[in-house]
Amino acid sequence: MIEIEDLRKEYDDLVAVDRVSLTIPPGEIYGLIGPNGAGKTTTMRIVCGLLEPTEGRVRVNGVDVLVDAERAQKSIGYLSDFFSLYEDLKVWEYLDYFAHAYKMAESEIPGRITDVIRQAGLEVKRGELIHGLSRGMKQRLGIARAMIHRPQVLVLDEPASGLDPKARVELRNLLRSVRDEGATILISSHILSELEGFCTSIGIMERGRLVQSGRIEDLISAGTQLRRVRLRWLGDGVQVWTVLDGHSGVSDSKLNKNDGEFNFSGTDEELSQLLAELVAGGQRIVSFGEEKQTFEEIYMKVSSHEVM
Amino acid sequence: MIEIWKNPEFVRHFRANLRKTRAITVAATVIAICILIWLGCWGAQQSELAAMRRGAGEFQWSPERLAQMEQHSGVEVWLMFYRFLMYAQLGVLTFWSLLSCAQSISGERERKTWDFQRATRLGTGELLVGKLFGEPVLAYFIVLCCLPLTVVAGWLGGTTWQNVACGYALVLAGALFIGLTGLWLSNLFETRSRGTGLIGTFGLYLLFGLATALRETSNFPGIAGLSPLTGMLSLLQEDGRYREGATIFGAHVPWLLMSLLLYGTFGAWLVLVLLRTLKKDYDQMKTLSRREVLGCAAFLNFTMYALFLPRPWYRMDAIGFTKFMVGMSGLVLFGMGLAMLTPIERLKVWWRTRNGALADDGLAWPWLAMSVVVGYGTLVCGMFAWRHHVGFEREALMTGLLLYVVIGVYLTRDILFLQWCRLTRLRAPVLKGLLYVGLYYVAATVLVTSLNVSSEARGRAVYALMTPVGAFYAGSANGDAYQSHLLVQIVVGLAIQFAVIWALLSGIKSRLNSQ
């Protein structure tokens, strides 16, 4: 669990993080979205105890990061946006170093190294020097390092930047498996599609401020008074036109010969009622569904559109 | 932390640098080089013997004496070999330690691996020990390979085991101290530069060489103890002039002890600074707390008086001693002032919270004033300790007081200027501020030199009005009228500096208010 309270960070004249308050419950995957320079990295580094805030406080699993950073770091795994590895070490040596640095029990280390190497899909590279790994493999090894000590909180800053599509898929699968182990993940990106279908909550940062935050469903429902519904039918559409024209919740309808779309204002119950009316009126409906909102659409509604 | 072989940071370096093939190659190379060195020593000895045989008739040596010399030549070869190995190990270990440690933390910052280490549960002490022994681990391995050969060479060369043990103690202590210096330097830089590291390394070696060379003439001969070469020369050279010279409050001590004392005390301050700053973010590092700065000022001033040695060819009276010591103390206090510069962010928080003038994150001037008081206190104690050589006079104490007041005011001005520079948008503000301060003093000196052509009095007046140097003319035997005139100039100079300080404080306040 991460609790951020009234966080502020200043660099010279610049306010990098401005009064950010946020609570991420256990088991959540929280995506922090924002353009470069929005304050995501600064926020994450403060959460990890790497940077002291100008004001505010951060607690990770109940431990105040400012008061006892080393204890808090016991439960945090961190991966920064741009990083390199100790290229003169072998894969297992690298993980062994961090396992000891996180003060894991000696007996637990060999098994854990094997586990994370398997999770990261690096079994065949276990005894190889890091120098010879591909970019995607290094990224996965970086994540394996971040989770070597079984952290309850994983903080990943732009983990997919610079990866090819295949490596991104692998990364996503890896993070899903970590989530399944019950870890809370705070992940940042300025590429919205990277987080789509993966995060349970998102926060949108701009110019140091958290302009929107919450569970994705809540954000969608809060951001959408009107839902866009698409439908397709067989035969003439007279019945469709009649029913839709007469429904108070329907607006902005665009109906063609065999398909159409409209905005709907109402609950799920009312929407199903509308479908039932169409079918009861003898209209042969082929498809009827709400158009899913994407991250981009949510973002466009709440931000000043600085994200890709 | 104590079990170095379990320290993850040390183990990392050990694994990366000493893989089996590399270790075998290094060991074989070291042994081959040692054999070559021994052959070189043997060859040199044989040439010397041949020369002796040729000159035996000329010097009328008896055949018995020649035979004795030839018999002894075996021991001489081993002794030469032993000395060569000792110097070589000292050179390799200290050079490697400095070069590798000086790029250690800045290198990690540059490679973006430093945050990962900082985010682990490794304590600052563990990181420090791991890096100190780990970065130059290959050099330690080379020394380890040489160790049995050195012991055997020393034994066959007729050296005592104490000499070998002291030699190794010096090599180790020197390497650790120099490694700590390297880590401290590397922590000061955000990115590494191999060029800078090399220049710094050679610069430090030049200083060590100078300290060793000047140990017989300088007023602080003990400083030469910081150079491991001084201690090694005293251990390995039979010449008596290498053995003596280190003094503490005028009492002679062996160079080895002096070196170990200096490494221990200065090293302890370096460790304190590193423990405070190692896991801090670069922008938030603050070398020492205000109280530690006071302690450090007291330590450095005390060390100055402890290492001082009056020289017969340059007799100092009480006033001369006071001026010399206050001048040196001024440099120390300037260094302390630099250590007290507050990072902008902390200064802004201090300003907003109105945390009191003595707060750790506030402006440096109250603590600078206290450091000046500490400096004057140690002057009084130091003069008392050296009273039999330089005297303990009221006039000298009054001169010391005046000098410290003047130095305190100018220091406050310069440090506040540097703090103001930090609040500007300058790149590398402290470095640029230091350059401006240096330029100011150079300009003042040029002005004084130009004025001295027409009138020396005018030159001194400018010194008194613009720099603290004018105050150092006080107490000189130039007559009461001159002294009163100088005093007025000093007071006017101080008034000008107070006006500048007020302007700087206003500038700092307005910048803090605007941000």
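Biologist: The centres of domain 1 of chain A and domain 2 of chain A, taken over C-alpha atoms, are separated by 44 Å. Into which residue ranges is chain A divided?

Modeller: Domain 1 covers 2-216 and domain 2 covers 225-292, with bounds that come from an automatic or database domain assignment. This is a predicted model, in which local features need pLDDT of at least 70 and side-chain atom pairs count only at pLDDT 80 or more, whereas totals for chains, interfaces and linings use all residues. Residues are numbered from 1 along each chain as its sequence is written, while chains are lettered from A and ligands numbered from 1 in the order in which they are written.

Biologist: Why are β6 and β10 of chain A said to stand at the edges of their sheet?

Modeller: The open sheet has six strands in the order β6-β7-β8-β3-β9-β10 of chain A, with mixed pairing; strands pair if DSSP finds at least two bridges between them. β6 (76-79) and β10 (209-215) of chain A each have a single partner strand, so one side of each lacks a neighbour in the sheet. On average, neighbouring strands of this sheet are turned by 15° against each other, direction ignored.

Biologist: Which strands stand at the edges of the four-stranded sheet of chain A?

Modeller: That open sheet has the order β2-β1-β4-β5 with antiparallel pairing, and its edge strands are β2 (14-24) and β5 (63-64) of chain A, because each has a single partner strand. Further in, strand β1 (residues 2-11) and strand β4 (residues 55-60) of chain A pair over five antiparallel bridges, and the bridge partner of A:R8 in β4(A) is A:E55. Helix α1 (residues 40-47) of chain A lies across β1, β2 and β4 of chain A, at about 120° to β1(A).

Biologist: Why is α1(B) called roughly parallel to α6(B)?

Modeller: The axes of helix α1 (residues 8-17) and helix α6 (residues 124-134) of chain B cross at roughly 25° and come within 7 Å. Angles under 35 degrees count as roughly parallel, over 145 as roughly antiparallel, 65 to 115 as roughly perpendicular and the rest as oblique, so α1(B) is roughly parallel to α6(B). Their contact includes B:F10 and B:F14 in α1(B), and B:L127 and B:F133 in α6(B).

Biologist: What makes α18(B) and α19(B) roughly antiparallel?

Modeller: Helix α18 (residues 429-454) and helix α19 (residues 456-466) of chain B pack at about 160°, with axes 6 Å apart, and therefore count as roughly antiparallel. Among the residues in contact are B:L447 and B:L451 of α18(B), and B:V462 and B:Y463 of α19(B).

Biologist: How many residues does each chain give to the contact between the chains?

Modeller: Chain A gives 27 residues and chain B gives 21 residues. On the side of chain A, α2 (69-73), β6 and α3 (91-101) each give two or more residues, and α3(A) gives the most, with five residues.

Key
Axes are lines fitted to C-alpha atoms, for helices over the stretch in contact, and angles run from 0 to 180 degrees between N-to-C directions. Two residues are in contact if their C-beta atoms, placed from the backbone, lie within 7 Å.
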